Amino acid sequence: MNNTERQEWLAHRKTGIGGTDMAGILNEGYGCRRKVFYDKVGAPPDHEEVVSNPMLRGQALEGVFLKEFFDRHGWEENRPCLPLNQQKEDWVLGTPDAFVGKDEESAIVEVKTVGEWPWKQLRKAGVPKREWEIQLNWYLYKWDIPTGIIWAGWADGWEFTKYELELDKDLAEACFSLAKEFWSDVSIAIAAGYTEPDDAPSGLNYERLPASDKRCKGCPWSETCQRGAVEEALRTPFDGEVTFVQMSSDPRWGQAATDYKEALFAKTMADEELKEVKSELQLLMNGRPAAEGDGLRIHHKPVVSNRFDTKGFRAKHPQLAEEFTKPTTSKPFKVYLT
Ligand code: SF4
């Protein structure tokens, strides 16, 4: 999608509720109901939304992933053959990644590209993310198509998984009725010229997420919505005394942060794998105290070591312990993921 297309798409999104909006209205995924409200009524953002590198990668890879889907599963794109459902209201939007057909069947395909860590988590969970299900159901409902496919993949490993879903009518209808109320709030706000969801007449719950919620940190309306609470949460995450210098404007920091997270991720993966392999080796040794072969030599026997019992010594000879305790200074480098 080039810049003009993106601007057109963003403008189109203002005219109703799409699949990702629906997930946001349910406070699922990357957004929240308040955020969707601010977006739809055109509230001026406190800062522009950052289009992250993973988002750009996702957009760039969409076509590549779709081609892989077609090659592997024999579906073909068949957008023109599908009937449009005229009964849905104009504000029910939905732009799926692909309409596909095979033999007499039709389906909607939604492509998801994920990084290595979310990919492993996804495989472990064995089910698609809730926000994806909501999004796909919204499309199925809009286009009156009973079957949807989520085609998710991890590009670096060139691994994919396919989730086939049938339209969940109860979910779709519940979403529709909630979205209708929400859209009415939005339309009234636009007509009356206000932008605060708290002023909406429907009685829908527009409760804020906790300021420490990850979603609030990058939210373009975080100041308007949380009135400084997000900044406060960022400044004082541990003990209320530490003041953090904001480094995000320095691109070198961004690169170093990315490198750190990648290295940490690789280490976590390697640690986990090592743990599993160690258990396997231990199992194969079957209680033997030593084994070797194929470049490994392993000892696994009880080792007795003598350690000085500082706690016991301090309890028994507090004065002596005091006399021989010297202050030392260290400067631990502690990194937390936020
Ligand atoms: S700051 Fe948080 S609660 Fe407020 S709109 Fe943004 S994501 Fe939602």
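Modeller: A residue is called buried if 20 or more other C-beta atoms lie within 10 Å of its own, exposed if 12 or fewer do, and partly exposed in between, with C-beta atoms placed from the backbone. Helices (H or I, at least four residues) and strands (E, at least two) are DSSP runs, numbered from the N terminus. The structure is a predicted model, in which local features need pLDDT of at least 70 and side-chain atom pairs count only at pLDDT 80 or more, while totals for chains, interfaces and linings use all residues. Residues are numbered from 1 along each chain as its sequence is written.

Biologist: What makes helix H11 hardly covered?

Modeller: Among the 35 residues of H11, the count of buried residues is zero.

Biologist: Which residues of H7 are buried, and what do they pack against?

Modeller: The buried residues are Cys175, Ala179, Phe182, Asp185, Val186 and Ala189. They pack against helix H2 (19-25), H3 and H6. Contact here requires that the C-beta atoms of two residues, placed from the backbone, lie within 7 Å. In general, an α-helix has 3.6 residues a turn, so residues three or four places apart point the same way.

Biologist: Why is H3 called oblique to H7?

Modeller: The axes of H3 (residues 33-41) and H7 (residues 169-192) come within 9 Å and cross at roughly 40°. That angle makes H3 oblique to H7, because angles under 35 degrees count as roughly parallel, over 145 as roughly antiparallel, 65 to 115 as roughly perpendicular and the rest as oblique. The axes are lines fitted to C-alpha atoms, for helices over the stretch in contact, and the angles run from 0 to 180 degrees between N-to-C directions.

Biologist: Is the crossing of H3 and H7 left-handed or right-handed?

Modeller: The crossing is right-handed: that word applies if the near helix is turned clockwise from the far one by less than a right angle, and left-handed applies if anticlockwise.

Biologist: Which residues make the contact of H3 with H7?

Modeller: Phe37, Lys40 and Val41 in H3 meet Val186, Ala189 and Ile190 in H7. These residues divide into five nonpolar, no polar and one charged. Ala, Val, Leu, Ile, Met, Phe, Trp, Tyr, Cys and Pro count as nonpolar, Asp, Glu, Lys and Arg as charged, and the others, Gly among them, as polar.

Biologist: Why are H6 and H7 called roughly perpendicular?

Modeller: Helix H6 (residues 130-143) and H7 pack at an angle of about 85°, with their axes 9 Å apart. H6 and H7 are therefore roughly perpendicular to each other. In this contact, Ile134, Asn137, Trp138, Leu140 and Tyr141 in H6 meet Leu171, Ala172, Cys175 and Phe176 in H7. The division is eight nonpolar, one polar and no charged.

Biologist: How is tryptophan 158 classified, and on what count?

Modeller: Tryptophan 158, which also lies in the loop between E4 and E5, has 8 C-beta neighbours inside 10 Å and so counts as exposed. Its phi is near 50°, a positive value in a residue other than glycine.

Biologist: What makes aspartate 103 exposed?

Modeller: Aspartate 103 counts as exposed because it has 7 C-beta neighbours inside 10 Å. It is placed in the loop between strand E2 (98-102) and strand E3 (105-114), and its phi is positive, near 50°.
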